[in-house]
Amino acid sequence: MSEATLARRIARYACGLSFADLPEPVVACVRRRFVDSLACILGAYGARPVEAAIAVAAQAPQPASTVFGTDLRTTPELAAFANGAMVRYLDYNDGYMGREPGHPSDSIPACLALAEAEGACGAELVTAIVVAYEIQMRLQDAASLNKRGWDHVNYINVAMAAAASRLMQLDEARTEQAINIALGAHLALRQVRSGTLSDWKGCSAANAARNALFAASLARHGMTGPAPVFEGEMGFFRQVTGTFELDVEAFGNRQNGDFAILRSLTKTFPTNGELHTAVWAAIDLRGRIADLDAITAIRIETSEFNRRVLADAEKWRPTTRETADHSLPYNVARALLDGDITLDSYAAERIADPRAIALMGVTTVDEDPALTRLFPGHLANRVRVTLADGEELASEVIDGPGSLLRPMGDEDFERKFRRMAAAHIDRPAQDAALAFVAALESRTDYRPLFAAMRPRANPV
């Protein structure tokens with residue numbers, strides 16, 4: 001008998017994992033990532049691309065899945081897209097850097113939308129989220145997409161198709177077909193994160209999750225997809241990544257306890273994760289510089305990835321929020337000026353601030369091979385500032401808060417949630433949402449969560 005395809009082996013893992021296989025630290029991690037995602041959702045209420053997604057969802061009313069912040073119920077696919085756009089809008093949700101960067105919590109809204117539609121209990125929701133993290137992060141470890149011009153959300157096609165199939169209680173064969181359809185039919189280009197960035201930067205992952213739910217629905221009803229989608233002559237290996245090895249048998253399980261979600265990273269700033277340590281370095285330097293007008297040169301030393309992705313031509317004069325929050329020179333300039341990076345750092349007037357533009361004008365970004373060698377285990381950056389009197393100050397940060405060495409705790413996630421929630425929901429509603437997630441695995445009805453997250457008049 002020939003060896004099973006990679007899609008089939010991934011399907012077998014997704015169907016075989018059970019909630020009983022998950023140790024408490026993994027379940028606790030899911031709860032934290034869930035709270036983190038809710039914080040990001042609240043911070044995106046009212047954003048233009050989110051409002052566009054809600055308007056589209058409103059055209060397909062259906063008593064299946066709820067859109068956060070509204071009374072609207074729609075299809076699981078459209079709820080997954082709208083809620084996923086909220087999670088991703090601020091670039092504040094979790095992340096992971098392997099050979100490919102990505103944001104595994106992008107699958108949480110889709111898992112929730114489908115769990116609500118299918119009547120799946122909290123334990124099944126938690127397990128599906130773990131499945132999505134496991135598959136996406138293992139694929140991120142296996143092969144780079146961005147160097148070949150493809151977007152990292154292509155891995156969500158696989159991860160979310162598997163998680164959706166599990167929530168739909170599909171067998172291995174149909175789960176394999178869901179993966180075949182999702183990956184074979186929906187490849188996203190890296191242009192979404194190149195040049196001047198558009199609204200779609202924050203929607204590409206939500207769209208991948210939406211497509212995966214649709215693929216699983218088709219597979220449920222017997223649709224087959226292109227196969228073998230990874231190994232075929234015109235498949236993913238030959239056309240997209242090159243051949244890579246993926247030991248699915250070594251994925252997180254009851255025996256090894258090695259679940260990828262425990263390696264995911266979280267954010268203290270609403271910006272690209274790979275530049276967080278540069279922000280911390282700039283904040284450190286700001287406290288040591290008496291007069292910012294005395295700065296004559298800024299040199300940022302970073303990894304090859306950061307130099308290539310976060311300091312390309314368009315990142316030096318950003319004109320959109322999406323470009324600014326992925327600009328290494330802009331974020332260092334803004335952190336030097338303000339001593340922080342907040343949601344307001346990407347307001348139009350801040351992006352056009354002549355002081356920031358002037359600081360970017362004296363900034364250079366260079367690769368340091370030593371920092372590249374630390375990457376992706378450590379997302380390190382070094383910032384050097386030269387003053388008018390010739391003095392040079394430097395700050396290097398190897399790991400910041402939210403990293404594996406300095407993980408955020410429950411109190412940090414609660415603080416982040418309440419900070420994002422303050423403008424939209426009152427304290428009792430905040431308490432209700434947090435209490436819901438604290439017992440997520442035991443929930444059978446998701447309506448109280450959506451009710452708590454609905455904006456009230458004058459919540460502050």
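## Aromatic pairs

The structure contains 11 aromatic pairs, a pair being Phe, Tyr or Trp (six-membered) rings with centres within 6.5 Å, stacked if the planes are under 30 degrees apart, edge-to-face if over 60 and tilted for the rest. Phe 237 and Phe 244 pair edge-to-face, at 4.8 Å centre to centre and 75° between the planes. Both Phe 237 and Phe 244 are buried (under 20% relative accessible area, 1.4 Å probe, protein chains only).

Tyr 330 and Tyr 346 form a tilted pair, 6.2 Å centre to centre with 40° between the planes. Tyr 330 belongs to helix α14 (residues 328–338) and Tyr 346 to the loop between α14 and α15 (348–351), so the pair ties together parts 16 residues apart in sequence; helices are DSSP runs (H or I) of at least four residues, numbered from the N terminus. Tyr 330 and Tyr 346 are both buried.

## Basis of the model

The model is predicted: local features require pLDDT of at least 70 and side-chain atom pairs 80 or more, while totals for chains, interfaces and linings use all residues. Residues are numbered from 1 along each chain as its sequence is written, and side-chain values use heavy atoms, without hydrogens and water.

## Asp 21

Asp 21 lies in the loop between α1 (6–16) and α2 (24–43). Asp 21 counts as buried because its relative accessibility is 14%.

Methods: Buried means under 20% relative accessible area, exposed over 50%, partly exposed in between (1.4 Å probe, protein chains only). Helices (H or I, at least four residues) and strands (E, at least two) are DSSP runs, numbered from the N terminus.
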